[in-house]
Amino acid sequence: MHICDGFLNNSLAMGLLAGMSVVFSYCLKRVYKVATTVSTITSGSNKNIGICTFEFFNGTNEYIQKLTIIAMWIFALQMFNIHVQSKISAHLIGGVFAAVILGPFAGFLVMSLVFIIQCIFFSDGGILALGANIFNMAFIGSFISYYIYKAIVNKNYHLAIFISCLFSILSAAFFCLVELSVSGTVHFSASFKNMMHLHLIVALLEAVITLVLLRLLKFACK
Amino acid sequence: MNKKTILALFPALIILSSSLFSSKYPDTLETFAVNQGFVKQYKKIVLIFNDYTLPFISNQFLSSLCAGIIGLALLYILYKMVKFFIK
C-alpha cells in the first residue's frame, strides 16, 4: 500500500513530508520524555502518553527495547504478502497493533521508522512520497485510529480493535485516493469504488491478524 | 530461552516464512494503479536494495531472507544507537 514516486505531484508530496516531519519531531520529543522518565511512571497512570497495555518491560532501556521489538514485528509482518484475491496480494500495515501496544505517539514513531527504513534501504514506497505514506499509514492508520480504539474499548475490546483496524485501512485508502486525485493522477469519483473495494478485504485481514497478534502477545506476556 | 528472546525471534520466523510463502502478486495499490491506468507514471528510484532482494544473491529465497534479516539488523542498530544517546 506504499505510494511510489511519480504518482503524486511534487508540491503535495513535499508538503506532506514537511508536515509529517513536524509530527515526527513532536512524537520523538514525547517518546524521549517517556523513555527518560518511564521508570518513575507507574502502570495505569500513563493514559495520555499511552505507554502500553502489556506490561512486559519496565525501565528506560526496556522501554526502548519494547519499541524496537514492535518495530521488528511490524517490519517482518509488512514483508509477508498474503494472497487475497485472484492475482492480488496484501500485507499487514500494523498501525493499530503498534498504537494499541505502544500508544499513539510511540506507535506513530515506530511506524514512521519502519517506513523510512523500507523506503531508503528496500525501495518500498517513494522517497518523495514518504510523507504521504507516513501520513496515510502511520498518522491516520495508527495515530488517529488509536483514538477510535480508545472511544470503543471500554464497551468491547474486540469490537474496538476490529473497528479501528477497518477505519485504519479504509481511511488510509481514502486519503491515498484523495492525494492521487489532488495530484491529478486519478479522478476521485470514478475510482472511489475500485479503491475501497480493493481495500475492504485488506481491512478485514488487518483486523483478524491484529486480533490474533494482540492475543499472542498477551499470552506471551503472561 | 526467556520471553524477550522469543519475542525478538518471532520476526525472524516471520521473515523466514515470508521468504518461502509470500505472494508474488502485486499488492492492492499496484493493482489499483493498473486498473486506473496510471502505473506507467511509476518512477523507480533504487537507493540501496531493490524490493527486498539483494542483487548479489541469485537464489530468490536466500536473497529475500537476507534482505529481511538486514532490515531487522538495521532496527537493532537503531535501538543500540538510541540506547547509547539516552544514557
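Mentor: The axes are lines fitted to C-alpha atoms, for helices over the stretch in contact, and the angles run from 0 to 180 degrees between N-to-C directions. This is a predicted model, where local features need pLDDT of at least 70 and side-chain atom pairs count only at pLDDT 80 or more, while totals for chains, interfaces and linings use all residues. Residues are numbered from 1 along each chain as its sequence is written, with chains lettered from A and ligands numbered from 1 in the order in which they are written.

Now the pair itself. The axes of H4(A) and H3(B) cross at roughly 130 degrees and come within 11 Å, so H4(A) and H3(B) are oblique to each other.

Who touches whom? On H4(A) the contact is made by A:Leu113, A:Ile117, A:Phe121 and A:Phe122, and on H3(B) by B:Ala67, B:Gly71, B:Leu74, B:Leu75 and B:Leu78. Contact here means C-beta atoms, placed from the backbone, within 7 Å. By class, that contact has 8 nonpolar, 1 polar and no charged residues. For the classes, Ala, Val, Leu, Ile, Met, Phe, Trp, Tyr, Cys and Pro are nonpolar, Asp, Glu, Lys and Arg are charged, and the others, Gly among them, are polar.

As for H3(B), this helix covers residues 60–86, and its 27 residues reach 39 Å from first C-alpha to last, close to the 39 Å expected at 1.5 Å a residue (1.5 Å times one less than the number of residues). Its buried residues include B:Ala67, B:Gly71 and B:Leu75, where buried takes 20 or more other C-beta atoms within 10 Å of the residue's own, exposed 12 or fewer, and partly exposed lies in between.

Zooming out, 48 residues of chain A are in contact with 45 of chain B. H4(A), residues 104–122, is among the elements giving two or more residues to chain A's side, but H2(A) gives the most, with 13. That side divides into 29 nonpolar, 16 polar and 3 charged residues.

Technical notes: Two residues are in contact if their C-beta atoms, placed from the backbone, lie within 7 Å. Helices (H or I, at least four residues) and strands (E, at least two) are DSSP runs, numbered from the N terminus. Angles under 35 degrees count as roughly parallel, over 145 as roughly antiparallel, 65 to 115 as roughly perpendicular and the rest as oblique.
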